Amino acid sequence: MKWLESVATHMGLVRDGPAPLRKHPALWEYFGMIFQQIVNEETGCLSYLIGCGQAGRAAVVDPGRDRVDEYLALARRKGLVITDIFETHVHADHVSGNQALAGKCGARIRIHPAAEAAYPHTPVEDGSEVSIGAVSLKILHTPGHTPDSISLLVTDLSRGSEPWFVLTGDTLFVGDVGRPDFGGEMAAANLYRSLTERLLVLPDSVEVYPAHGAGSTCGRAMSSKTASTIGFERRFNPALRVDAVDAFVTRLMTGLPPKPPNFDRIIAKNRARMLPSTGEVAPRSAAQVRDILAKGGCVLDVRSPEEHGDGHIPGSINVWIESPQFSTRAGWFLPADAPIVLVAASPTDLARAAQGLARIGLDDVAGYLQWGMTDWRSQGLPVASVAQVTVHDLATMREERPELSSSSGRTGTSRARCTCPWGRRSAAWPSCPWTGPRRCSAPAACARAR
Ligand SMILES: [Fe+2]
């Protein structure tokens, strides 16, 4: 294919410098703006790659820690070199990948001074512009959600001088606005001013790309749609249907969802210098896991509720790897300063779990139970269980035994604390309905229930 390379060189399609040439690019990609939204469905996080095909350069906005290699591969496929990284604010719900990405590609990190970032960065100021070839990114300081929040107004100068879209961070979502997490009513008032004086004054046609979509804990009623326009949000965003700052603040501050307990820790992590994470989790024998737990460690069991219910390490926390927002759920329950031991059903689940924990800044993973519960049992270590019953059986049981109390349901099955009628067998339930004819495996819970 030497002749093809020489033709490409002759046509001026081969650039000097480090940007690799994509083998079969669409011709327009060499000259126009390249834009890609990267969706993390698990956390509802949205990040962006914005590049100039002609210059062979790109910026990444709000990179996630678990997607660093994806940004690099995406840029490589499109023949771009990542030269700039923007943070729209210091995130509270996930750990940023800005330092890891900068470490791999040498890009400079740009963030507002109010972020108080302790790592090397280039501060951005309101009104300043950064050029990525023919693409202009204008900084709009839009405090409210956080004091350092910025929006990026993007113009493709190869097409025209009017702005095309705006990256709104956590200031404006599709169908919602950011929550003023730390500043209370004053922050809510600042958010109102940022929205009305900086964003809603833009032309109707300007597209809106936020930092989060549905599934995120950073808002209340975000749409599952991940893009909109200023005109549509001005007309149909419920949070913007007020015309006075007082009404806006009252609405925003009423019924705020509880703040996840790990938000403060993630913010501190996102402000600090961060060491690169290897992502590797060490195998541990049952005896080693026992010792880790004796020193204050905890177990995160990511197997299915059924597998966990059948037998698990006493005291372990069960968050199924397949459950929506796995890492967010785990972050609600895991202690911040205890080494974590993982119990997983497969190497794939193990890798996903470690990645999910790294996403929310839980790096202290002491290892995983190498041979699973088989090893744990064979060592004669204690095993706990949680009784399981299908929703259909539970419905029948409740009809026959109205005094029976049940707990939360799950798809397909319902979990209930063992109210084993051991010693209270009836004609309808000749043996324990949860554990079968064998002896109840959770006699302590059974006794509590009685
Ligand atoms: Fe945020």
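**Strands, a helix and a sheet**

Q: Which residue in E9 stands opposite Ile139?
A: Leu152 does. Strands (E, at least two residues) and helices (H or I, at least four) are DSSP runs, numbered from the N terminus. This is a predicted model: local features need pLDDT of at least 70, side-chain atom pairs count only at pLDDT 80 or more, and totals for chains, interfaces and linings use all residues. Residues are numbered from 1 along each chain as its sequence is written.

Q: How many bridges join E8 to E9?
A: Seven, and the strands run antiparallel. Two strands pair if DSSP finds at least two bridges between them.

Q: What about E7 and E8?
A: E7 (residues 129-132) pairs with E8 (residues 135-141) in the antiparallel sense, over four bridges. Ile132 has Val135 as its bridge partner.

Q: New topic. Which residues of H11 are buried?
A: Leu350, Ala353, Ala354, Gly356, Leu357, Ala358 and Arg359. Buried means 20 or more other C-beta atoms within 10 Å of the residue's own, with C-beta atoms placed from the backbone.

Q: What do they pack against?
A: Helix H10 (326-333), strand E18 (340-343) and strand E19 (365-369). Contact means C-beta atoms, placed from the backbone, within 7 Å.

Q: In what order do the strands of the six-stranded sheet run?
A: E1-E2-E3-E4-E5-E6, as an open sheet with mixed pairing. E1 (33-40) and E6 (122-123) are at the edges, each with a single partner strand, so one side of each has no neighbour in the sheet.

Conventions:
Buried ≥ 20, exposed ≤ 12 C-beta atoms within 10 Å, placed from the backbone. Contact = placed C-beta atoms within 7 Å.
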